[in-house]
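Me: I would like to go through this model and ask what each label rests on. Please set the values against the cut-offs.

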Amino acid sequence: MYRPPEMCDPYQHWLVSEKVDVWMVGCILYTICFYKHPFMEMSKLSIANCAFSFPKDDTRFPDKLLDIMRLMLTPNPKFRP
């Protein structure tokens with residue numbers, strides 16, 4: 001459920017490191033904020049392509065928090081915090 005792209009698509013040859021934990025925390029933070037998992041389809045393709053979006057009608061959270069979640073859920077682990 002919280003598997004990052006580097007574990008879903010080994011053909012991209014991304015290093016599996018502590019950035020996996022950053023991805024998982026991003027999924028948890030998204031779930032806490034919006035009461036659903038960012039990758040509800042649970043398919044490897046949706047995770048590998050990082051196909052998620054924020055609810056458009058929900059303005060409870062500041063843009064900085066959304067930016068942090070977006071960074072944490074970046075497909076390439078090199079660009080995650």
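Me: Which residues of helix H4 are buried?

Reply: This is a predicted model. In H4, which spans residues 63–72, the buried residues are Leu66, Met69 and Met72.

Me: How do you know that the buried residues of H2 line one face of the helix?

Reply: The buried residues in H2 are Lys19, Val20, Val22, Trp23, Gly26, Cys27, Tyr30, Cys33 and Phe34. Seen down the axis, they fall within an arc of 165°, so they line one face of H2.

Me: Why is Cys27 called buried?

Reply: Buried means under 20% relative accessible area. Cys27 has a relative accessible area of 0%, so Cys27 is buried. The value for Cys33 is 6%, so Cys33 is buried as well.

Me: How many disulfides does the structure hold, and how do you know that Cys33 is in no disulfide?

Reply: The structure holds zero disulfides. For Cys33, the nearest cysteine sulfur is that of Cys27, 12 Å away. A disulfide needs the two sulfur atoms within 2.5 Å, so at 12 Å Cys33 is in no disulfide.

Me: Which residues have the most contacts inside the largest nonpolar core?

Reply: The largest nonpolar core has 14 residues, and those with the most contacts inside it are Trp23, Phe34, Phe39, Phe52, Phe54, Met69 and Leu73. H2 and H4 are the elements that give two or more residues to this core. H2 supplies the largest share, five residues. As background, nonpolar side chains tend to be buried together in soluble globular proteins.

Me: What does Phe52 touch, leaving out residues up to four places away in sequence?

Reply: Phe52 touches Tyr30, Pro38, Phe39, Arg70 and Leu73. Contact here means heavy atoms within 4.5 Å. Among these partners, Phe39 and Leu73 are also listed with the most contacts inside the largest nonpolar core.

How values were computed: Residues numbered from 1 in each chain as written. Predicted model: local features only at pLDDT ≥ 70, side-chain atom pairs only at ≥ 80, totals over all residues. Heavy atoms only, no water. Buried < 20%, exposed > 50% of the residue type's maximum accessible area, 1.4 Å probe, protein only. Helix = DSSP H or I, 4+ residues; strand = E, 2+ residues; numbered from the N terminus. Core = buried A, V, L, I, M, F, W, Y, C linked by side-chain atoms within 4.5 Å. Arc of directions from axis to C-beta.
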